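Visitor: I've never read a protein model before. Could you walk me through one, feature by feature?

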Amino acid sequence: MRTHIRRFKLSDTFIDQYKDREVPWGPLGYVTFKRTYARRLSEFETDAVGTEEWHQTCRRVIEGMFEMQKQHVYRLGLEWNDNKAQKTAKDAYERLFTLKWTPPGRGLWMMGTKFVNERTAAGLFNCAFRSTRELSTKGGYLFSWMMDALMLGIGVGFDTLGAGTVTVQRPEFINEPYVIDDSREGWVESVKMLLNGFFYGSRVPAFDYSAIRPLGAPILGFGGTSSGPEPLKELHASLTDLYTPKIGEPITSVDIVDTENLIGRCVVAGNVRRSAALAMGKHNDMYYLQMKNDQEKLYHHRWGSNNSFNAVVGMDYTWHANQSQQNGEPGYIWLENARKRGRFRDGERLDDINVAGFNPCVEQQLEDAELCCLVETFPAKHDDFEDYLRTLKIAYLYGKTITLSNTHWPETNAKMLKNRRIGLSQSGVIQAFNKHGRREIYKWCNEAYEYIKELDEEYSNWLCIPKSVRTTSIKPSGTVSLLNGSTPGIHFPEDEYYIRRIRFSNYSEMLESLRESGYHIEDDEYSPNTSVVEFPVHEPYFKKGKRNVSMWEQLEIAAQYQYYWADNSVSVTVTFKPDEATQIKDALEMYETRLKAVSFLKHEETGYKQAPYESITKEKYEKLIKNIRPLQRFDIEEEGTGTKFCDGEACEVTF
C-alpha cells in the first residue's frame, strides 16, 4: 500500500522560459491581476518577498489542478501516466499563460493553496443554492450554512419556501458565557445558536467576543485582515431586533430574506467587501416583491440580495414588467424550464428534475446545497475552431477536476459526487461574433458541445466517476475577463473608446507605480481615503456598443446561446432604452419558452461623477495613451484581495 505520493510538479526548466515572456494582457489586465489574484510569495516560501507574478500564479493553478487529479487516481488505485499528465499540464499552462482560458476568479485565487489542501475545497467553488423548504427541521443551520459559504467567498442563491413553516418562539436566554471562537466556524456557530433560539425556543448563552482578534489583524490562510468583533455583535443585535416583535407569529418570506440580508451585511463588514446573493420568491408574493420599496431597510441591509421570482410560463407579466422598468428588479427565473431542459436544441430531458434554484448570476441551475464550478474560455482569442477545441479540453479538465474535491458539508458532497456539475463558459462573445461571424460562432458552439460530451464520457470513465449532469453555461464574468481585455459573457462593450475607472485605497502600494506610468489619478468624490484611476480602453473588433444595441437583439443572443451552447443557463442582464420599457411585457411572453432566466436594467446616463465607464472619442483616447508607459511589474508586498463571489458585476450586490 502506498504511503507517500510524490506531488505533481512542473519542472523549473519549463517554468523558466515564461519568466520574462510577454503576457497578452488587456488594458487593465496586469493591474487587475496584481490587485486581485497575486498571493504573497511568503505563503509558499518562508523567506520570499513580494507577490506572485503571472507565471507563478499559472504554476500554482496548474500544479494544484493536476495534483488533485493525481491524488484521486492513486486513492482509487487507478492508472496514472505521469508522462501523459506532464504533456497535458504543459499545454494547460501555455493556454492559461496566454489567457485563452482561465479558471474562475476563485480558482486563480485559491487553487494550490494550503487553505484548500488542509481546510476545505469549498473555497474553489463559485456559487451555491440553498432552499429554506426544510426550515422547520433544519432551523438556524440553513442560515449558518449560507453565512459559512458567504464567508468563504461563495455566492449564494436561496428561496423563501420556508415561509409559514416555523412559528417564532421566545428563546431561553441564559447567563452562561459562551466564548466565540476566533474563526469562521465560531462566527457561524454563534448565529445558528441565536436563530435556533427563535425557531425552537432553545437556550441562547451570553456571547463572549473577547477571543476575536482586533480590527486590522491579519487573517492567515484565506487572506485579508480582521474586522474585529463589531460586525458580529451588530448581527446578533439585528437578528434579535428582527425576531423579538414576531414571537408567536409564523415566519414570513420577508423575514427569511431579511435574515440572509443581515448576514450578508455582516459578511461584507467582516472583510468581504462585496457579496453576492440571490433571493427567489413566488411570483404572487407581493409582500416579498415590494420589500425593497422600504428605503430605510434597503440602505441598511436589503441591498444584500438581488431579488428574483419563480416565473410560470403563461402568467401575466404586467405588474412585474412595470417593476422592471423602474428599478431593474425583480429578475425572472423559469424554474420548470431549468428542470426539464438542458440546451433547448435538445428537447425535453428529465435528468436534472431536482433543480431547486440558481446561483446569484443565474448561469447555473442547482439542487439544494449544491455548488458550482465555472471555467472561462475566450473564442475570440483563437484563430480557428481546432485551436479552440484544444483549449476547451483543458477548460473541461479543470472543471471536472474540481468536482473531485470535497467540502466540509456532507449534504453538499452527496450532491457533488452524484451530479459532477460544471459550467464551461465563454466570454468575449460579441468580439467573437465580430471576428469570426455570428453564424460561425453558433456553429462552433453546437459542435463544441458535442465534443464536450465525448470528453466527459472519456474522462469520467478514466476517473471512475459519473458523467456531469450539465457542463455548459454563460457566466457574466467580471474581473477575469479584464485580464485579457474580453467583453464579459455575451454582453456588449461600453463603446469603441472609453475610460474604465477603478478605485484604490490611498494606502495601496500600487498607486505610485500607476502615477509614474502616466495614468490619471484623482481623489474619489464619494469615498474618503480613496483614489480613482482612469484606464483608457480601445475595444477590439468593435461594431456597436451598449448605446446602439436593442433589447431584442440581446434577448435573441441569449436565446441562441441557450439553444446551441448552455445546458445549464445563460446569465444575461438586458439593458433597455426608455422607448423600449413598455415592450418588456411582450418580450417576456415571447421568450418565456426560450430562456431559463433574465433580468432587465435601464440604460441611462447616471449623472454620477467618476462613473465606472465613460465613452470618449478616438482623439481623446489617443491623447490619454500618449503619456502612458505600460506597466511591466509591481514590486510590492501588497497581496491581491481575491474574489469573494462569482465575479460578475451583474450578480454582485453593493452598497
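Visitor: Which strands does helix α11 lie across?
Guide: A word on the model before that. This is a predicted model, where local features need pLDDT of at least 70, side-chain atom pairs count only at pLDDT 80 or more, and totals for chains, interfaces and linings use all residues. Residues are numbered from 1 along each chain as its sequence is written, and side-chain values use heavy atoms, with hydrogens and water left out. Helices (H or I, at least four residues) and strands (E, at least two) are DSSP runs, numbered from the N terminus. Now your helix: α11 (residues 253-269) lies across β3 (155-159), β6 (277-282) and β7 (306-310), and runs at about 165° to β3. Such angles go from 0 to 180 degrees between N-to-C directions, with axes being lines fitted to C-alpha atoms, for helices over the stretch in contact. Contact means heavy atoms within 4.5 Å.
Guide: Helix α22 (residues 551-564) also packs on the sheet, touching β17 and β18, and its direction makes about 165° with that of β17.

Visitor: In what order do the eight strands of the open sheet come?
Guide: The general idea is that strands of a sheet pair through backbone hydrogen bonds, either parallel or antiparallel. Two strands count as paired if DSSP finds at least two bridges between them. Here the order is β11-β2-β3-β6-β7-β8-β18-β17, with mixed pairing. At the edges are β11 (371-372) and β17 (573-576), each pairing on one side only.

Visitor: Which strand forms a hairpin with β16?
Guide: That's β15, with six residues between the two strands; in the turn, Asn-529 has a positive phi of about 55°. β15 (residues 520-523) and β16 pair antiparallel over four bridges, with His-520 partnered to Glu-534. β16 also runs antiparallel to β14 (residues 497-505), joined by nine bridges, and there Arg-503 stands opposite Val-532.

Visitor: Is β16 mostly covered or uncovered?
Guide: Mostly covered: eight of its nine residues are buried. Buried means under 20% relative accessible area, exposed over 50%, and partly exposed in between (1.4 Å probe, protein chains only).

Visitor: Is Glu-363 buried or exposed?
Guide: Glu-363 counts as buried because its relative accessibility is 0%. Glu-363 sits in the loop between β9 (357-358) and β10 (365-366). Leaving aside neighbours within four places in sequence, its contacts include Leu-374, Ser-473 and Lys-475. The C-alpha atoms of Glu-363 and Ala-566 are 8.6 Å apart, though 203 residues separate them along the chain.

Visitor: What volume does the second largest pocket have?
Guide: About 780 Å³. Among its 28 lining residues, the closest to the centre are Val-23, Trp-25, Tyr-30, Leu-631 and Gln-632. On a 1 Å grid over the protein atoms alone, a pocket is an open set of points where a 1.4 Å probe fits, with protein on both sides within 12 Å along at least five of seven lines; lining residues have an atom within 4 Å of a point. Grid points are joined across faces, edges and corners, and the volume is the space filled by probe spheres set on the points.
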